[in-house]
Amino acid sequence: MKYRPLGTTTVSAIALGAMPLSIENRPDEERAVATIHAALDAGITLIDTADSYHWHADERGHNELLIARALARFGGDTSGVLVATKGGRGRPGDGGWTVTGTPAHLKQAAEASLKRLGVEAIGLYQLHKPDPDVPWAESVGALRELLDAGTIRAAGISNVTTDQIREARSILGDALVSVQNQFSPAVRDSEPALELSTRLGLAFLPWSPLGGISRSSLDGPSGPTSAGTAFHRIAVERGVSPQQIALAWLLARSPLVIPVPGAGRPASIRDSAEATGIELDAAELAELETALPK
Ligand SMILES: NC(=O)c1ccc[n+]([C@@H]2O[C@H](COP(=O)([O-])OP(=O)(O)OC[C@H]3O[C@@H](n4cnc5c(N)ncnc54)[C@H](OP(=O)(O)O)[C@@H]3O)[C@@H](O)[C@H]2O)c1
């Protein structure tokens, strides 16, 4: 495993995205715990969760409680593991997602996450998504209050524009340590957010780094694209999975990128963790850049 900076701490260069362990089509408890343990065995020290990672309406916090149970059952030392959670979204149980960014909700949600995770302070608390009905400065102000109260140690923001990153930075200063946006070879519209984050020294956590597709993440609806072909060609040549090549490509974008691949099985996160051992050379990177959809 290789490690990267996240605020004042250091975490594994690949995180575990725990969402698939709690939402629709989730595995049973044993497989879910085995997946988290496989991540820890592979040296992963950053686990991404949210209070809204659940399926049915009455089970808010399912994923946080699962992670807390898995850490408690792990045989090894977990003191260096950072569980990064989020607040500001809800799941009414119909498959949809809601957004609530009022300070009152965020403060109550963080307190509830703290209890579920069973920690003294949340290591990294991320505002899940800007609420269009609440001024951004008000939502971010709630993170400031949570920091001052000692409920959270560091703050992150997610699904944000460059303007929202700048404004959050002006409110939170150095306590803002991360930006989590969707970013993958197939979805690159957060390129400006990635560049700004790197300039400001903020970790950039690409969510759905494989495009949210389990098998052949770079294939289009009617089969392989030129990008898919390039990622697969290099994977075959190196004897690794195309997912590892996608993650290695992300890691090469900036020394502050920490991809967050999801996993519903131990094998997926074991494979993803190995991507930190791949350094794509200039010719490979050029081939991939040329093949990416413009
Ligand atoms: N901030 C946000 O708004 C937001 C939104 C969405 C997601 N996220 C975060 O980002 C994480 C990742 O997103 P995601 O779960 O939607 O998508 P993803 O990373 O693209 O993963 C989707 C699926 O791909 C499969 N996979 C992953 N690594 C693999 C590998 N090396 N080889 C083969 N298959 C592999 C896994 O399937 P199996 O289930 O078969 O293992 C996984 O469930 C989430 O878990 C969550 O933590 C954040």
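**Helix packing and ligand**

Modeller: Pro103, Leu106, Lys107 and Ala110 in H3 meet Glu138, Ser139, Ala142, Glu145 and Leu146 in H4; contact means heavy atoms within 4.5 Å. By class, that contact of H3 with H4 has five nonpolar, one polar and three charged residues. Ala, Val, Leu, Ile, Met, Phe, Trp, Tyr, Cys and Pro count as nonpolar, Asp, Glu, Lys and Arg as charged, and the others, Gly among them, as polar.

Modeller: Bear in mind that it's a predicted model, where local features need pLDDT of at least 70, side-chain atom pairs count only at pLDDT 80 or more, and totals for chains, interfaces and linings use all residues. Numbering starts from 1 along each chain as its sequence is written, and side-chain values use heavy atoms, with hydrogens and water left out.

Biologist: At what angle do H3 and H4 pack?

Modeller: About 35°, with the axes of H3 (residues 103–117) and H4 (residues 136–149) 8 Å apart. Axes are lines fitted to C-alpha atoms, for helices over the stretch in contact, and angles run from 0 to 180 degrees between N-to-C directions.

Biologist: Is the crossing of H3 and H4 left-handed or right-handed?

Modeller: Right-handed, meaning the near helix is turned clockwise from the far one by less than a right angle.

Biologist: And how far apart are the axes of H4 and H5?

Modeller: 10 Å, at an angle of about 35°, with H5 spanning residues 162–172. H4 passes H5 in a right-handed crossing too.

Biologist: OK, switching to the ligand. How many residues surround it?

Modeller: 28, and the closest are Asp48, Gly262, Gly264, Arg265 and Ser268; the cut-off is a heavy atom within 4 Å.

Biologist: Last one: what pLDDT does the protein average?

Modeller: 94, with 95% of the residues scoring at least 70; pLDDT is the predictor's confidence in each residue, from 0 to 100.

Terms used
Helix = DSSP H or I, 4+ residues; strand = E, 2+ residues; numbered from the N terminus.
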